[in-house]
Amino acid sequence: MTALHLASVAELARLLAAREVSAVDLTRHFLDRIAAHGDLNAYLDVRPEASLAQAEAADRRRAQGESGPLLGIPLAHKDIFVTRDWASTAASRMLDGYMSPFDATVVERLGRAGMVCLGKLNCDEFAMGSSNENSAYGPVRNPWDRNAVPGGSSGGSAAAVAARLCPVATATDTGGSIRQPAALTGTGGIKPTYGRCSRWGIVAFASSLDQAGPIAKTVEDAAILLGAMAGYYPMDSTCLAPPTPDYAAQMRQGVKGLRVGVPKEYRVAGMSKEIDDLWQKGIAWLKAAGATIHDISLPHTKYALPAYYIVAPAEASSNLARYDGVRYGLRVPGRDVIDMYSETRAAGFGKEVRRRVLIGTYVLSAGYYDAYYLKAQKVRTLIKRDFDEAWNQVDVVLTPTTPSPAFAFGEKSGDPLAMYLEDIFTVTVNMAGLPGMSVPAGLSSEGTPLGLQFIGKPFDEGTLFRAGKVIEDAAGRLTPPDKWWQSGSKGR
Amino acid sequence: MALTLEDVGRIAHLARIHISPEEAERTLAQLNGIFGLIEQMQAVDTTGVEPMAHPLGGAQRLREDAVTEPVDRDAHLRNAPAHEGGLFLVPRVIE
């Protein structure tokens with residue numbers, strides 16, 4: 001039998017169904033691993049008694065004759081989803097110790113499916129960042145290289161899955177926050193179409209861009225999880241209602257005859273040879289599996305990042321106005337109420353969050369709205385139009401996920417602009433509301449993972465899973481080289 | 001376009017974030033760097049282009065006007081920094 005932490009969600013489901021293992025066994029196994037690997041700083045809140053209570057409930061449901069592909073499978077949530085039984089902080093001092101009176105839709109759906117929550121995962125504060133260095137509770141380490149970042153903002157989700165500290169994790173993606181950390185940790189992650197998953201109970205960053213999705217060890221696990229996360233919920237007015245297909249079944253359909261587009265605008269100046277080589281390898285694998293390759297053009301690509309850094313901070317400044325020291329969170333006393341707001345927000349928000357709130361406040365201030373926010377929303381229409389044109393020629397687009405492999409702590413944290421460029425290949429997808437997925441595709445010269453990204457038509461996540469499976473089958477499952485994570489709970 | 005130190009102070013006031021003079025200096029340089037990136041967008045001709053509201057369009061949905069959830073006042077007050085008699089407390093606003 002495969003060691004429990006190495007098994008995929010699909011494999012664990014078979015073990016649970018055959019009663020070879022119980023939800024309580026699995027939960028204990030992962031809680032032990034989490035306790036033994038605290039040095040990664042992947043988890044922010046772990047409450048074994050709450051997890052075990054959920055596991056016991058799952059075992060009871062099975063004993064009463066219930067079954068289901070996720071019944072009794074543990075997972076962990078990015079600490080951007082609010083949860084009733086674990087603190088919800090968005091990795092901010094502002095929300096230190098905050099206990100939500102309700103569960104996010106995604107949390108509730110997965111709970112109803114019988115999944116067991118192992119705890120809350122570290123991330124960049126309010127999901128703003130690409131390295132996890134913006135967490136108020138310290139950065140997460142990359143299990144492939146302890147001196148390198150795991151990416152962000154969902155760095156805890158990616159590192160925990162890569163280090164096998166949970167079978168699968170939830171995450172969110174506003175400009176690449178699922179795909180970039182997935183790429184840097186050798187895991188797979190999908191940001192579905194905007195509106196596919198409910199945002200109710202996700203601490204809001206940029207409402208027109210935010211989406212929830214899974215980070216997983218295998219493409220199949222990501223397909224299974226997304227199927228359970230997606231679905232209409234009336235409390236999110238942007239959530240759409242198409243039926244959720246059987247993604248795992250779609251994944252197995254192969255890519256024979258699939259038309260894959262390769263956009264010339266992603267061949268950016270200064271792209272390293274190893275990233276280009278990886279891209280070419282992906283093209284060759286897809287060809288060998290029966291897909292056809294087509295050169296395409298997405299002319300507005302280079303404007304996506306500038307427009308993103310208007311839209312995302314603008315919406316963030318508006319969303320974060322709620323943190324005023326009155327209804328919840330931190331309060332720092334002041335001379336009067338305005339002073340109390342200003343002192344609270346200065347102390348509660350970290351550097352990057354303050355920076356983005358300032359940018360957003362400026363671009364939305366009187367006299368600047370048309371030149372910035374409105375203009376950026378028009379650019380989004382043009383970016384989406386580029387893709388609409390492309391869909392006449394191709395079914396899916398292939399690009400690298402990131403311009404480089406995992407970088408060292410401190411390498412970019414002093415230079416916001418360098419950090420923003422990390423998202424250069426991922427933001428377009430959010431700007432156009434399209435689904436995007438990163439799949440592990442190989443290793444860099446330093447031995448750290450690299451990912452390839454697929455971009456799909458609206459609501460066509462199924463094609464991403466089909467194409468992603470081809471890359472996964474060719475590249476193999478990537479597992480960190482150290483022996484530490486392979487050891488059992490008592491091995492270290 | 002370049003921001004001035006005065007602009008940074010004005011924006012910080014609008015955002016209700018206290019900023020020290022030293023931090024304002026540092027922030028000014030960073031914001032001007034970021035606006036260097038942002039301004040590249042001005043090169044796009046957007047004449048006659050509709051701004052995007054929802055990437056997949058569609059009209060805003062309306063729900064039934066029905067009571068669906070009781071407000072649990074105690075649960076919501078539990079996270080408040082200061083409350084009394086079922087109300088949130090703030091520093092005195094009216095003298």
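Guide: Here come a few labels, each set against its cut-off.

Guide: This is a predicted model, where local features need pLDDT of at least 70, side-chain atom pairs count only at pLDDT 80 or more, and totals for chains, interfaces and linings use all residues. Residues are numbered from 1 along each chain as its sequence is written, while chains are lettered from A and ligands numbered from 1 in the order in which they are written.

Visitor: Why are α10(A) and α13(A) called oblique to each other?

Guide: Helix α10 (residues 304–319) and helix α13 (residues 370–390), both of chain A, pack at about 130 degrees, with axes 9 Å apart. Axes here are lines fitted to C-alpha atoms over the stretch in contact, and angles run from 0 to 180 degrees between N-to-C directions. Under 35 degrees is roughly parallel, over 145 roughly antiparallel, 65 to 115 roughly perpendicular, and the rest oblique. So α10(A) and α13(A) come out oblique.

Visitor: And what makes α9(A) and α16(A) roughly perpendicular?

Guide: Helix α9 (residues 273–288) of chain A and helix α16 (residues 461–475) of chain A pack at about 105 degrees, their axes 10 Å apart. α9(A) and α16(A) are therefore roughly perpendicular.

Visitor: Which residues meet where α9(A) packs on α16(A)?

Guide: G282(A), W285(A) and L286(A) in α9(A) meet A467(A), V470(A), I471(A) and A474(A) in α16(A); contact asks for C-beta atoms, placed from the backbone, within 7 Å. They divide into six nonpolar, one polar and no charged. Nonpolar covers Ala, Val, Leu, Ile, Met, Phe, Trp, Tyr, Cys and Pro, charged is Asp, Glu, Lys and Arg, and the others, Gly among them, are polar.

Visitor: What sets chain B against a compact globule?

Guide: The radius of gyration, taken over C-alpha atoms, is set against 2.2 Å times the number of residues to the power 0.38. For 95 residues a compact globule would be near 12 Å, but chain B has 23 Å. The C-alpha trace of chain B spans about 55 × 45 × 25 Å along its principal axes.

Visitor: How much of chain B counts as buried?

Guide: 17% of its 95 residues, where buried takes 20 or more other C-beta atoms within 10 Å of the residue's own.

Visitor: What does chain B bring to chain A?

Guide: The contact takes 40 residues from chain B and 56 from chain A. α2(B) gives the most to the side of chain B that touches chain A, with seven residues.

Conventions: Contact = placed C-beta atoms within 7 Å. Helix = DSSP H or I, 4+ residues; strand = E, 2+ residues; numbered from the N terminus. Buried ≥ 20, exposed ≤ 12 C-beta atoms within 10 Å, placed from the backbone.
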